[in-house]
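Please have the model open as you read.

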Amino acid sequence: MTGLTPAAILRGLAVGVLVVAWAALAHYGSAGDGSSDFAAALACAPLVAIVVILLWRVSPVWMILGGLCVLGLVAWSWPTLRQNVALLYFIQHVGTNLALGILFGRTLLSGRQPLVTHFALLAHNGSISPAKERYTRSVTVAWTCFFFVMASVSALLFFFAPAAIWSAFANLMSLFLIFLMFAAEHFVRLRVLPPEDQSSMADTIRGYRMSSRRRTENQ
(Lines give C-alpha, C1' and ligand atoms only; values in the text may rest on other atoms or scores of the structure.)
Protein backbone atom coordinates (compact mmCIF):
# COMPACT_ATOMS: atom_id res chain seq x y z
CA MET A 1 0.00 0.00 0.00
CA THR A 2 1.29 3.45 -0.83
CA GLY A 3 1.57 6.05 1.88
CA LEU A 4 0.58 9.66 1.97
CA THR A 5 2.84 12.09 0.15
CA PRO A 6 4.36 15.11 1.95
CA ALA A 7 2.12 17.41 -0.11
CA ALA A 8 -0.97 15.46 0.97
CA ILE A 9 0.15 15.60 4.61
CA LEU A 10 0.68 19.36 4.39
CA ARG A 11 -2.75 19.82 2.80
CA GLY A 12 -4.28 17.73 5.56
CA LEU A 13 -2.54 19.77 8.25
CA ALA A 14 -3.68 23.02 6.62
CA VAL A 15 -7.27 21.78 6.50
CA GLY A 16 -6.99 20.67 10.12
CA VAL A 17 -5.78 24.10 11.22
CA LEU A 18 -8.63 25.80 9.34
CA VAL A 19 -11.21 23.44 10.88
CA VAL A 20 -9.91 24.04 14.41
CA ALA A 21 -9.79 27.82 13.87
CA TRP A 22 -13.33 27.80 12.47
CA ALA A 23 -14.57 25.74 15.42
CA ALA A 24 -13.01 28.12 17.95
CA LEU A 25 -14.48 31.18 16.23
CA ALA A 26 -17.86 29.45 15.88
CA HIS A 27 -17.90 28.69 19.60
CA TYR A 28 -17.01 32.28 20.40
CA GLY A 29 -19.84 33.57 18.20
CA SER A 30 -22.59 31.07 18.98
CA ALA A 31 -22.01 31.41 22.72
CA GLY A 32 -23.11 35.04 22.41
CA ASP A 33 -19.69 36.71 22.47
CA GLY A 34 -18.26 39.03 19.84
CA SER A 35 -19.85 40.67 16.83
CA SER A 36 -23.15 39.17 15.74
CA ASP A 37 -22.43 40.22 12.13
CA PHE A 38 -19.13 38.33 12.06
CA ALA A 39 -20.65 35.30 13.79
CA ALA A 40 -23.56 35.18 11.34
CA ALA A 41 -21.20 35.53 8.34
CA LEU A 42 -19.04 32.71 9.71
CA ALA A 43 -22.11 30.50 10.13
CA CYS A 44 -23.35 31.19 6.60
CA ALA A 45 -19.98 30.75 4.89
CA PRO A 46 -19.96 26.89 4.85
CA LEU A 47 -23.56 26.74 3.61
CA VAL A 48 -22.85 29.17 0.77
CA ALA A 49 -19.65 27.28 -0.10
CA ILE A 50 -21.48 23.93 -0.26
CA VAL A 51 -24.15 25.34 -2.57
CA VAL A 52 -21.52 26.90 -4.85
CA ILE A 53 -19.49 23.64 -5.01
CA LEU A 54 -22.56 21.56 -5.82
CA LEU A 55 -23.65 23.99 -8.54
CA TRP A 56 -20.11 24.14 -9.95
CA ARG A 57 -20.36 20.40 -10.57
CA VAL A 58 -23.42 21.11 -12.72
CA SER A 59 -21.93 23.99 -14.73
CA PRO A 60 -20.05 27.28 -14.20
CA VAL A 61 -23.13 29.24 -15.28
CA TRP A 62 -25.28 27.57 -12.62
CA MET A 63 -22.53 28.21 -10.07
CA ILE A 64 -22.50 31.95 -10.82
CA LEU A 65 -26.29 32.33 -10.97
CA GLY A 66 -26.91 30.10 -7.97
CA GLY A 67 -24.15 31.75 -5.95
CA LEU A 68 -25.60 35.19 -6.64
CA CYS A 69 -29.08 34.00 -5.65
CA VAL A 70 -27.81 32.53 -2.40
CA LEU A 71 -25.87 35.69 -1.57
CA GLY A 72 -28.95 37.76 -2.38
CA LEU A 73 -31.06 35.60 -0.07
CA VAL A 74 -28.51 35.94 2.71
CA ALA A 75 -28.40 39.72 2.27
CA TRP A 76 -32.22 39.96 2.26
CA SER A 77 -32.53 37.91 5.47
CA TRP A 78 -29.46 39.38 7.19
CA PRO A 79 -31.33 41.29 9.94
CA THR A 80 -33.00 38.03 10.99
CA LEU A 81 -29.82 35.97 10.68
CA ARG A 82 -27.69 38.25 12.83
CA GLN A 83 -30.32 38.11 15.59
CA ASN A 84 -30.40 34.29 15.58
CA VAL A 85 -26.75 33.34 15.40
CA ALA A 86 -27.00 30.40 17.80
CA LEU A 87 -29.93 28.98 15.82
CA LEU A 88 -27.85 29.15 12.63
CA TYR A 89 -25.07 27.10 14.19
CA PHE A 90 -27.60 24.68 15.69
CA ILE A 91 -29.26 24.03 12.32
CA GLN A 92 -25.83 23.58 10.75
CA HIS A 93 -24.59 21.15 13.42
CA VAL A 94 -27.73 19.03 13.67
CA GLY A 95 -28.29 19.10 9.91
CA THR A 96 -24.73 17.95 9.19
CA ASN A 97 -24.92 15.06 11.66
CA LEU A 98 -28.34 13.96 10.45
CA ALA A 99 -27.18 14.09 6.83
CA LEU A 100 -24.11 11.99 7.64
CA GLY A 101 -26.20 9.56 9.68
CA ILE A 102 -28.58 9.12 6.76
CA LEU A 103 -25.66 8.83 4.31
CA PHE A 104 -24.16 5.93 6.29
CA GLY A 105 -27.45 4.42 7.42
CA ARG A 106 -29.12 4.15 4.03
CA THR A 107 -26.28 1.93 2.81
CA LEU A 108 -27.22 -0.62 5.49
CA LEU A 109 -30.60 -1.27 3.90
CA SER A 110 -31.26 -4.59 2.24
CA GLY A 111 -29.62 -4.89 -1.16
CA ARG A 112 -27.16 -2.05 -0.57
CA GLN A 113 -23.43 -2.08 0.11
CA PRO A 114 -22.38 -0.57 3.47
CA LEU A 115 -20.46 2.64 2.91
CA VAL A 116 -17.30 1.62 4.78
CA THR A 117 -17.31 -1.69 2.88
CA HIS A 118 -17.52 0.33 -0.34
CA PHE A 119 -14.48 2.40 0.65
CA ALA A 120 -12.55 -0.75 1.62
CA LEU A 121 -13.29 -2.41 -1.73
CA LEU A 122 -12.11 0.66 -3.63
CA ALA A 123 -8.92 0.83 -1.57
CA HIS A 124 -8.16 -2.89 -2.09
CA ASN A 125 -8.89 -3.29 -5.80
CA GLY A 126 -12.40 -4.65 -5.28
CA SER A 127 -11.42 -7.63 -3.10
CA ILE A 128 -11.66 -8.02 0.69
CA SER A 129 -12.03 -11.05 2.95
CA PRO A 130 -15.41 -12.10 4.43
CA ALA A 131 -14.09 -11.13 7.88
CA LYS A 132 -13.26 -7.62 6.71
CA GLU A 133 -16.59 -7.34 4.95
CA ARG A 134 -18.41 -8.16 8.21
CA TYR A 135 -16.18 -5.77 10.11
CA THR A 136 -16.70 -2.85 7.71
CA ARG A 137 -20.45 -3.35 7.92
CA SER A 138 -20.19 -3.09 11.72
CA VAL A 139 -18.14 0.08 11.36
CA THR A 140 -20.84 1.55 9.10
CA VAL A 141 -23.42 0.77 11.81
CA ALA A 142 -21.19 2.39 14.43
CA TRP A 143 -20.77 5.61 12.44
CA THR A 144 -24.51 5.73 11.72
CA CYS A 145 -25.30 5.50 15.44
CA PHE A 146 -22.57 8.03 16.25
CA PHE A 147 -23.98 10.74 13.98
CA PHE A 148 -27.58 10.24 15.13
CA VAL A 149 -26.50 10.33 18.80
CA MET A 150 -24.53 13.53 18.14
CA ALA A 151 -27.61 15.16 16.57
CA SER A 152 -29.82 14.06 19.49
CA VAL A 153 -27.42 15.32 22.17
CA SER A 154 -27.01 18.60 20.30
CA ALA A 155 -30.78 19.13 20.23
CA LEU A 156 -31.18 18.32 23.93
CA LEU A 157 -28.39 20.69 24.94
CA PHE A 158 -29.61 23.47 22.66
CA PHE A 159 -33.11 23.48 24.16
CA PHE A 160 -32.36 22.57 27.78
CA ALA A 161 -28.83 23.80 28.58
CA PRO A 162 -27.13 27.22 28.59
CA ALA A 163 -25.95 28.43 25.19
CA ALA A 164 -22.29 28.25 26.20
CA ILE A 165 -22.57 24.55 27.11
CA TRP A 166 -24.32 23.66 23.85
CA SER A 167 -21.78 25.67 21.87
CA ALA A 168 -18.85 23.95 23.58
CA PHE A 169 -20.32 20.56 22.68
CA ALA A 170 -21.28 21.42 19.09
CA ASN A 171 -18.26 23.47 18.07
CA LEU A 172 -15.43 22.15 20.23
CA MET A 173 -16.20 18.75 21.69
CA SER A 174 -17.58 17.39 18.41
CA LEU A 175 -14.12 17.51 16.84
CA PHE A 176 -12.62 15.62 19.78
CA LEU A 177 -15.40 13.02 19.69
CA ILE A 178 -14.88 12.41 15.97
CA PHE A 179 -11.14 11.99 16.56
CA LEU A 180 -11.92 9.65 19.46
CA MET A 181 -14.25 7.64 17.23
CA PHE A 182 -11.51 7.19 14.63
CA ALA A 183 -9.01 6.22 17.32
CA ALA A 184 -11.41 3.70 18.88
CA GLU A 185 -12.16 2.15 15.50
CA HIS A 186 -8.44 1.84 14.76
CA PHE A 187 -7.85 0.16 18.13
CA VAL A 188 -10.70 -2.30 17.59
CA ARG A 189 -9.55 -3.04 14.04
CA LEU A 190 -6.08 -4.00 15.29
CA ARG A 191 -7.66 -6.40 17.77
CA VAL A 192 -10.28 -8.14 15.64
CA LEU A 193 -8.74 -8.32 12.15
CA PRO A 194 -5.68 -10.34 11.11
CA PRO A 195 -2.64 -8.41 9.79
CA GLU A 196 -3.48 -9.14 6.14
CA ASP A 197 -6.85 -7.40 6.58
CA GLN A 198 -5.46 -4.24 8.17
CA SER A 199 -5.88 -0.90 6.39
CA SER A 200 -3.88 2.29 6.83
CA MET A 201 -5.29 5.81 6.94
CA ALA A 202 -3.82 6.28 3.47
CA ASP A 203 -5.93 3.35 2.23
CA THR A 204 -9.09 4.88 3.71
CA ILE A 205 -8.39 8.30 2.18
CA ARG A 206 -7.62 6.71 -1.17
CA GLY A 207 -10.89 4.80 -1.08
CA TYR A 208 -12.83 7.96 -0.29
CA ARG A 209 -11.12 9.87 -3.10
CA MET A 210 -11.78 7.11 -5.60
CA SER A 211 -15.45 7.05 -4.56
CA SER A 212 -15.73 10.82 -4.96
CA ARG A 213 -13.97 10.70 -8.34
CA ARG A 214 -16.33 8.03 -9.63
CA ARG A 215 -19.39 9.98 -8.51
CA THR A 216 -18.07 13.07 -10.29
CA GLU A 217 -17.37 11.11 -13.50
CA ASN A 218 -20.88 9.64 -13.47
CA GLN A 219 -22.56 13.04 -13.19
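Contact here means heavy atoms within 4.5 Å. This is a predicted model, in which local features need pLDDT of at least 70 and side-chain atom pairs count only at pLDDT 80 or more, while totals for chains, interfaces and linings use all residues. Residues are numbered from 1 along each chain as its sequence is written, and side-chain values use heavy atoms, with hydrogens and water left out.

**Overall fold**

The protein has 9 helices and 0 strands, where helices (H or I, at least four residues) and strands (E, at least two) are DSSP runs numbered from the N terminus. Read from the N terminus, the order of elements is α-α-α-α-α-α-α-α-α. Of the 219 residues in the protein, 33% are buried; buried means under 20% relative accessible area, exposed over 50%, and partly exposed in between, with a 1.4 Å probe and protein chains only. If we take contacts between residues at least 6 apart in sequence, 72% of them join residues at least 24 apart.

Two packed helices are described by the angle between their axes and the distance between the axes. The axes are lines fitted to C-alpha atoms, for helices over the stretch in contact, and the angles run from 0 to 180 degrees between N-to-C directions.

| Helix pair | Angle | Axis distance |
|---|---|---|
| Helix 2 (residues 36–58) and helix 5 (residues 85–105) | about 20° | 9 Å |
| Helix 5 and helix 8 (residues 163–192) | roughly 45° | within 11 Å |

Helix 5 is oblique to helix 8 because of that angle. Angles under 35 degrees count as roughly parallel, over 145 as roughly antiparallel, 65 to 115 as roughly perpendicular and the rest as oblique. The crossing of helix 5 and helix 8 is left-handed, a term used if the near helix is turned anticlockwise from the far one by less than a right angle (right-handed if clockwise). On the helix 5 side, the contact is made by A86, Y89, F90 and H93, and helix 8 brings W166, F169, A170, N171 and S174. Sorted by class, this contact has 6 nonpolar, 3 polar and no charged residues. Ala, Val, Leu, Ile, Met, Phe, Trp, Tyr, Cys and Pro count as nonpolar, Asp, Glu, Lys and Arg as charged, and the others, Gly among them, as polar.

Helix 2 and helix 5, in turn, are roughly parallel to each other, and their crossing is left-handed. Helix 2 contributes S36, A39, A40, L42, A43, C44, P46 and L47 to the contact, facing V85, L88, Y89 and Q92 of helix 5. This contact has 10 nonpolar, 2 polar and no charged residues.

**Single residues worth a look**

N171 belongs to helix 8 and counts as buried because its relative accessibility is 7%. Leaving aside residues up to four places away in sequence, N171 touches W22, A23, A26, H27, S30 and Y89.

A41, in helix 2, is partly exposed at a relative accessible area of 37%. A41 and R82 are 41 residues apart along the chain, with 8.3 Å between their C-alpha atoms. V141 sits in helix 7 (residues 130–160) and is partly exposed too, with a relative accessible area of 34%. From V141 to F104 the C-alpha to C-alpha distance is 7.6 Å, across 37 residues of sequence.

Finally, what about the cysteines? C44 is buried at 8% relative accessibility, whereas C69 is exposed at 57%. The structure holds 0 disulfides, a disulfide being a pair of cysteine sulfur atoms within 2.5 Å.
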